[in-house]
Amino acid sequence: MAGPYSGIRVVDTTGLSGAYATRLLAGLGAEVIRLESPDGSPLRRLSPFAENIEAPENSLWWSYLAMGTRSVVIDPQDTESLMQLLATADVVFEDQLPEKSVLPAGEISPTTIRTKILPFGSSGPKRNWHTSNLVAWAASGILYTTGFTNRAPVAPAAPLQLAYHASAASALVGTLLALRSRRMTGRGQEVEISMQEVTLSIAPETGVPMFMDDRVHRERTGNRRDLGRPFGLYPCKDGFVSIIVLMPRHWTAMAQWVSEATGNESITEEVFVDNAVRVEAKDLIDDWVEELTTQGTRLELFEEGQRRGIPITPVNTIDALVGNPHLEAADFWTKTHLQDDTEVTIPGAPFRSSSPWWSMAPAPRLGEHTHMYLS
Amino acid sequence: MTDTDDLPLKGVRVFELGIAIASPFCGKLMAHFGADVLKIESRMSPDVVRILGSAWLKDREDLAPISSDTSPYVSEMNASKRSVGLELKTEEGKAAALQLLAECDVFLANFGARALAELGFDYDSVAAVNPNIVYVQLPGFGSDETMPYYPFVAWGPNQAPLVGMDDFTGHADDPPAGIATIAPPDYMSALHAAIATITGLEQRETTGEGVHVDISQFETTLALLGPFVMDYDLTGTVYSRIGNRSIWGAPQGVYPCTGNERWIAISATEAEDWTTLRSLVGQAVDPEFDDASIRNADQDRLDEQIAAWTSSFEVEDLAHRLQAAGIAAHVVSTNEDLLHDTHVTSREWYQVAPSNRLGRDVFSGCAVKLSATPGRWTEAGPSMGQHTREILSDVVGLSDEAIDHLISAGGAFEQIEPGMVATRPWNDWIHLLVPGTEDARDL
C-alpha cells in the first residue's frame, strides 16, 4: 500500500462511530484491520442492502465505509488471539468504556495510540449514558432550533449520521496528532472524543458563549430566517432553491433578475436596497421572489443566479447530485465493486492533493484476512 | 499546563487567510496543539466575525472603535492565534506577506479560489516564495479554473442544501426544514483540512517536499453520502427526509414532555432496547408493538402512543430514567439548558483565557483530547492587528522604521486604540462555567 501513512497498522474495533476515520486512514495508505466478531461488524447490519448478495456482505454502509480495510474475525472469548493482534497495532480505535470493553484496560504497549470515541466522554455525570446520532444532536442545542415552529424539532440531515462522521473525523485529527507526537517522542497516548462535545463544537450558534453575550433564546424559524430577505428556501419547478441576500450588490442583482423575468417594476425601487426594509416587508418580497423561482428548475436558477453573482444554490437530492454537470466535469464520482463484482458509483476522494495520497480497494469479506494475522 | 515544547505542532507556523468558519476552525485546532497560527487580517475586507460585533455593544458609542474585537465568534474561532494586519491588495502589504510566507510551514485559506488567485496567493505564487509549503485551500467549488462552478459563490447556509443536507432535514410530509443555524459543510471541511495539513506536514518530514491540497467544500461533504449514492446507482432509490426516525429500526423520535416546548429525544431501535422500553412504558403502548415488524410498519401510531406516555413526564427526569435503564435519550437542550449542563462544565468544555481587549473571554474548548500532549490556550481571540509589529519584527526581521513605513503606506495596520478596553457584561459570572460552580441560574 502506498500513501503517507503506509507502514502504520490500525485495528478498528468500533462500528459507525469510528468507521469514517478508518476509511480515511485506509485511503491515506494505512493498513487498517477491522476486528469483527464471528457474526460480523454492526455496520454489516445497516440498510440499504444490495440485492442478489447474501448477508453479511450486502450492506452498502459496510461496502462504502470499510473500503480499503481488512477483515479479521476473532471470537470475543479468544483473548490470546486478540492480544496477538493488538500487540502489533500502532493505533487502536475503540468505542467502549474500559469496564465494558473486551480490550485490556491497561497499557497495550508504551507506543500504542488508543483512540476512544465515546458518547459523553470517559468522565462526568453522564459518562455511562448511551447515545445515537439523534441523541448527540439533542445534546448540542442544534436540534431544538431546527424545524418549523408548529412541528416537533428535527435533527440536521438525520439519515446521513453526521454526528458519527464528525466524531470520527475529529478522532482522526487527534490520532494523526498523536502519531506525529509519537514520531518525535517515541511514546503512544490516548485520544478521547466525546460525541456531545463534537456536536457542541460545530454548534456555537446555540452555544453558551453566544447565549451569554446576547441572551437570545434561539427558537425554530422554519426554512427562512429574518436576518435578510430573500433568506432561506424558495420553491421552484422541481423542488427548492436556497437564496441568501444580505449584501447590497447581491440585492441589486436579485431585484434586476426578478424584474427582467416577471416584469415586476416595483422591486427595483431604491427603498428595498435597505435590508431592514426588506425584512419588514418580507411577505411581499417573498411573493415577488417566488414569482421568479417558480418559473425555473433548481439547476436553471442555480446557474443563472450564480452567473448574475447571487448566492443561490439548489436544494439538491441524490439524483440531482449524481447528474450534476460540475461534478461530472470534475470527474468526482468514482466506482467500487461489491462482493458479486457489481460495479457501483461512489463519491471520490474527499480532497485533491498534488501528491498521490488516495487509493481504495473494495470492502473485505467477513474474515477475509484472518489467516494473515493469526497463526 | 503542558509546555508548548511537548505539543505535536510545536515549531509549525501557519499563515491563515480565513473568513468565518471553515479555515478559522481548523486554525484554532492547530493553535491549540502548539502551532503558531498567524491570522492575516484586512480592514479593507475584514473577516465577517470582525463585522458582527457584540449584542451589548450596540448602544455603546464610546466603544464603537473596538467593536471588531468583541463578537463572541472572535474567540470561538480564533483563540490562541496571533493577528497580523496586512492589506494584501496594496503592493507594500503583499510584499510583506510574501516575506512572511517564506517563514511559514503551512498556508491555510478559505477565500474563494478566484479571489485568492486575483490577490496573487494561488498555489503557484506561494510556492514560488516557499517551495516546501504545505498549502491547503478550502474553496467552495475547487481551485481548477476550467471547472464550471469555479467562480460560484455560496454562504455557509447555502452549502448545506447544495450537498443534499437540507433535503434530508425535516418531517417526511413537510417541505425541507433546512439547517438554518449551522453549516455542517464548513466544519466537515475544516476537519478534513486539519487531516490534510497534518498529513502534509508528516509527509514533508520524509520527502522534504511540500504539497498542494484542494478541499472543494462541495466535494468533501459529498463523501458523507456514500451509501445513498450507491443505492441510487443500483436501484434508483432517492432517499429524503424522515424526520427524526431511523432507517434502521423503531422507535426513534423527539417526543413532548410537560411544559412549553420541552422535548425528549429517544433512540430505542435495537430489539433489547424495546424490551427495556416496554418495562418502562407498561400498558401505555399496545402489546402488538412487541413485534418488531409492526413497530417498523406502523411508526405513526407507535410514536403517538409513546408521545402520550412521555407527555406526563418532566423532561430532565425522564431522560435520567431512560438512561438509567440503558436507553439512549437526552433532553432536547436549549441554549439555556446547556448553560446549566453540569456534565459539560465538569469536563471543562468552556475555557477562559486572557484577552487583550476584554480582560478575559470565554469560548468553547476543543473536542479532540490527547492524554500525554493535551493542547493549551494561550489567549482568547486576538484583537485585530494585535501582533502586527512583533511578527513583522521577530519573524520577518523588519526594523521598526521599516514597519512604520509599511504602516504609513497603508500596507499594514496595528491594533486600534490599544488602551481602550471593555468588559463583557457577564464577566463576573465567567467563573460559574468552570468546575466547582454551584449555580449559574442567577443569570
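**A tour of chain A**

Begin by selecting Pro48(A), which sits in the loop that runs between β2 (31–36) and α2 (60–65) of chain A. The model on your screen is a predicted one, and here the peptide bond that joins Ser47(A) to Pro48(A) is cis, with omega at about 5°.

Next, select residues 16–27 of chain A to bring up helix α1, whose 12 residues reach 17 Å from the first C-alpha to the last, close to the 16 Å expected at 1.5 Å a residue. Because 12 of the 12 residues of α1(A) are buried, the helix is largely enclosed by the rest of the structure; among these buried residues are Leu16(A), Tyr20(A), Arg23(A) and Gly27(A). Following α1(A) you will find Gly29(A), where phi is positive, near 105°.

Now go to Ala157(A), in the loop between α5 (142–145) and α6 (162–185) of chain A, where phi is positive at about 45° although the residue is not a glycine. Is Ala157(A) buried or exposed? Ala157(A) has 27 C-beta neighbours inside 10 Å, and it therefore counts as buried, the cut-off being 20 or more.

Finish at Asp341(A), in the loop between β10 (334–337) and β11 (343–346) of chain A. Asp341(A) is not a glycine, yet its phi is positive, about 75°, and with 7 other C-beta atoms within 10 Å the residue is exposed.

Terms used:
Residues numbered from 1 in each chain as written. Chains lettered and ligands numbered in written order. Predicted model: local features only at pLDDT ≥ 70, side-chain atom pairs only at ≥ 80, totals over all residues. Helix = DSSP H or I, 4+ residues; strand = E, 2+ residues; numbered from the N terminus. Expected span 1.5 Å × (residues − 1).
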